[in-house]
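Hi,

Here is the structure we talked about handing over. My notes follow below it.

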Amino acid sequence: MADILDVTDQSFEAEVLQSDIPTVIDFWAEWCAPCRQITPIIKALASEYGDRVKIVKMDIDSNPHTPGQYGVRAIPTILAFKNGQVVQQLQGARPKADFDSMLKGLLA
């Protein structure tokens, strides 16, 4: 099982934009109930896809620059990056099937 890496405004470029594999970032906050609701899904994705896709999380309260740069206005927001570019976005608490579709598309 792959670990979910916590990234910061400072580590975002190295961990996400310069990643040699596709990366999915979950923008979240401790106080966000829907964020907590999808946590088991994010963990399952890391377990299932962790060898092919990097799964990371960013606390928007501690790291306001990056979410602002990518227009994150609601959480949870999940962005999929490939070759340093956003290729897909999901917002809100969604069923696992939506996340599976995102990751399968990312790997296609």
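Is C32 buried or exposed? C32 is buried, at 3% relative accessible area. Buried means under 20%, exposed over 50%, and partly exposed in between (1.4 Å probe, protein chains only).

Ground rules: this is a predicted model, where local features need pLDDT of at least 70, side-chain atom pairs count only at pLDDT 80 or more, and totals for chains, interfaces and linings use all residues. Residues are numbered from 1 along each chain as its sequence is written, and side-chain values use heavy atoms, with hydrogens and water left out.

Disulfide
A search of the whole structure gives 1 disulfide (a pair of cysteine sulfur atoms within 2.5 Å). C32 pairs with C35, with the sulfurs 2.4 Å apart. The S-S torsion is about 80°, so this disulfide is right-handed. C35 is buried as well, at 2%.

Salt bridges
There are 6 (a Lys or Arg side-chain nitrogen within 4 Å of an Asp or Glu carboxyl oxygen). Among them:

- K54 and E15: closest N and O atoms 3.0 Å apart. K54 sits in strand β3 (residues 54-59) and E15 in helix α1 (residues 12-17), so the bridge ties together parts 39 residues apart in sequence. Elements are DSSP runs numbered from the N terminus: helices H or I, at least four residues; strands E, at least two. K54 is partly exposed at 21%, and E15 is partly exposed at 26%.
- D26 and K57: 2.9 Å between the closest N and O atoms. D26 is in strand β2 (residues 23-28) and K57 in strand β3, 31 residues apart. Both are buried.
- R94 and D98: 2.9 Å, N to O. Shared partners also join E48, K96 and D100 into one salt-bridge network.

Best wishes
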